[in-house]
Amino acid sequence: METKLARISQLSSGNPDMVFTSIGHLINHEMLKDCHRKMDGEKAVGIDGVTKEEYGRNLEENLDQLVERLKKKSYRPQPARRVEIPKENGKTRLLSIYCYEDKLVQEALRRILEAVFESHFYDEMMGFRPKRGCHQAIRKLNVMLEMRPTNYVLDADIKSFFNHIDHEWAVRFIELRIKDPNIIRLVRRMLKAGIIENYQYEETEEGSEQGSVCSPVIANIYMHYVLVWWFKERIEPKLKGYGGMVVYADDFVACFQYKEEAEEFYRHLKGRMEHFGMTLEESKTRLIEFGRFAQERCGKKGRKPETLTFLGFTHYCSHGRNGKFWVKRKTSKKKFAKKCKEINNLIRDMRTKPLKAIIKKLNEILVGYYHYYGITDNIQNLSNFRYEMMKSLFKWLNRRSQKKSYNWDGFNDMLKEYPLATPRIYVSVYAR
């Protein structure tokens, strides 16, 4: 099966105008069984309550029945169970939890969509793609800011992007390369499956639910045609100066050499987003002066250049030891405060557990934190985060009983026996 998908990917890459008209048959018993084998069995269950383990007890028969329904075109995904996940700004993010069998079909559909479209995505797109991620996006942005004549940066945010994907446009974009009615039918039914919230069924007239296995690739296809293709093929060739872009899912940054071209792009961007059912979050979208010359101009006016926040990092103008312009970055204040609050609550809830278990859990969190935020120039914020964790640990260990367990010296002696992981830079923004 992997060989067949690789062949599709090869054909798609080598033939930019090729349209696939018969690939739905690839979603067969073999592919679905492989999807089952690789599916995470620890995820929450959908409205039917079926787990991976339960589905796997009678796997062959279940898959045979599923394939038969797919062939007869009678397969219909069940509604997703919707839950709300708190965000750091006080709002909530809607997450949809699908039934296990629907996840298998979504995973198979994702593999096919990715095989056809992946080679056509531009290098500017970094989110939900093989061998790409947040750190690669930051490296690309760093090149745009340090090595290119960037003077102005448009830091943009799309309002509830996943919730407002237009179904008809999404299908039309997919049909540009896939005309197989079986694939298109599955896409439509997945998008229109509906959700269950507060025990009430609601139709999904727009949006690609976060929590769907194939939602990220559908979102990438949407952003490819709505934004990146338009920028690369229509905007960039007409620029008199430099222009560049980096995109991670619905979060993107555009860089320009000339202010008037940045402002014109911003004006056209609003209209294009509205045409495809999207709206820019005006409170989070701004055009700022940023770059080596911006630092010089702002310095003459007695002020510092504005900062840029992207993918959890605040990027700011600075200089290296040799005095040359250097973009540095640190953990954004919102992300830092949110994580510190989470850690404080976690230690509070764990305070009655054995000390060894508490330290083990905290070290797992620290190492994960260092792997993401351990990036060039951010060592001080890593140390600050570890110190905030130490303060929370000290506070809650002393509240395990009426008698105070530690003074600060005794607490530090305890940490010598049960040490917390030390900060470390894992990622260089200058790595190739």
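First, the ground rules. Residues are numbered from 1 along each chain as its sequence is written, and side-chain values use heavy atoms, with hydrogens and water left out. Because the model is predicted, local features need pLDDT of at least 70 and side-chain atom pairs count only at pLDDT 80 or more, while totals for chains, interfaces and linings use all residues.

The search runs on a 1 Å grid over the protein atoms alone. A cavity is a set of points where a 1.4 Å probe fits but cannot get out. A pocket is an open set with protein on both sides within 12 Å along at least five of seven lines. Lining residues have an atom within 4 Å of a point. Points are joined across faces, edges and corners, and a volume is the space filled by probe spheres set on the points.

The second largest pocket holds about 380 Å³ of space. Its lining has 16 residues, and Met39, Lys43, Lys103, Gly211 and Val213 lie nearest its centre. The elements giving two or more residues to that lining are α2 (29–38), β2 (92–97) and α5 (100–117). Helices (H or I, at least four residues) and strands (E, at least two) are DSSP runs, numbered from the N terminus. By class, the pocket lining has seven nonpolar, three polar and six charged residues. Here Ala, Val, Leu, Ile, Met, Phe, Trp, Tyr, Cys and Pro count as nonpolar, Asp, Glu, Lys and Arg as charged, and the others, Gly among them, as polar.

There are three cavities of 30 Å³ or more. The largest cavity has about 70 Å³ of space. Of its 14 lining residues, Lys43, Ala44, Lys52, Tyr100 and Lys103 lie nearest the centre. Seven residues of the cavity lining are nonpolar, three are polar and four are charged.

Next, some residues inside the protein. Beyond its neighbours within four places in sequence, Tyr55 is in contact (heavy atoms within 4.5 Å) with residues including His36, Leu66, Tyr100 and Leu104.

Ile174 is in helix α7 (residues 167–175). Its relative accessibility is 0%, so Ile174 is buried. With neighbours up to four places away set aside, Ile174 has contacts with Leu113, Phe117, Ile184, Val187 and Ile221.

Asn151 is in a loop, between α6 (134–146) and β3 (152–157). Asn151 is also buried, because its relative accessibility is 10%. Among the residues that Asn151 touches, not counting those up to four places away in sequence, are Phe256, Phe290, Phe293 and Arg297.

Now helix α9, residues 215–235. By how many degrees does α9 bend at His224? The bend is about 50 degrees, taken as the angle between axes fitted to the seven residues ending there and the seven starting there. In α9, 16 of the 21 residues are buried.

On to the strands, which count as paired if DSSP finds at least two bridges between them. β6 (residues 243–248) has six of its six residues buried. Gly243, Met245 and Val247 point one way, and Gly244, Val246 and Tyr248 the other. Six bridges join β6 to β7 (residues 251–256), and the two run antiparallel. Met245 stands opposite Ala254 in that pairing. The hairpin has two residues between its strands, and Ala249 there takes a positive phi near 55 degrees.

β10 (residues 313–319) and β11 (residues 325–331) are also antiparallel, over seven bridges. Cys317 stands opposite Val327. This hairpin has five residues between the strands, with Gly323 at a positive phi near 85 degrees.

Last, two lysines. Most residues other than glycine have a negative phi. Lys73, however, has a positive phi near 65 degrees, and lies in the loop between α4 (59–71) and β1 (80–86). Lys73 is partly exposed because its relative accessible area is 41%. Lys131 has a positive phi of about 60 degrees, and its place is the loop between α5 and α6. With a relative accessible area of 84%, Lys131 is exposed.

Key. Buried < 20%, exposed > 50% of the residue type's maximum accessible area, 1.4 Å probe, protein only.
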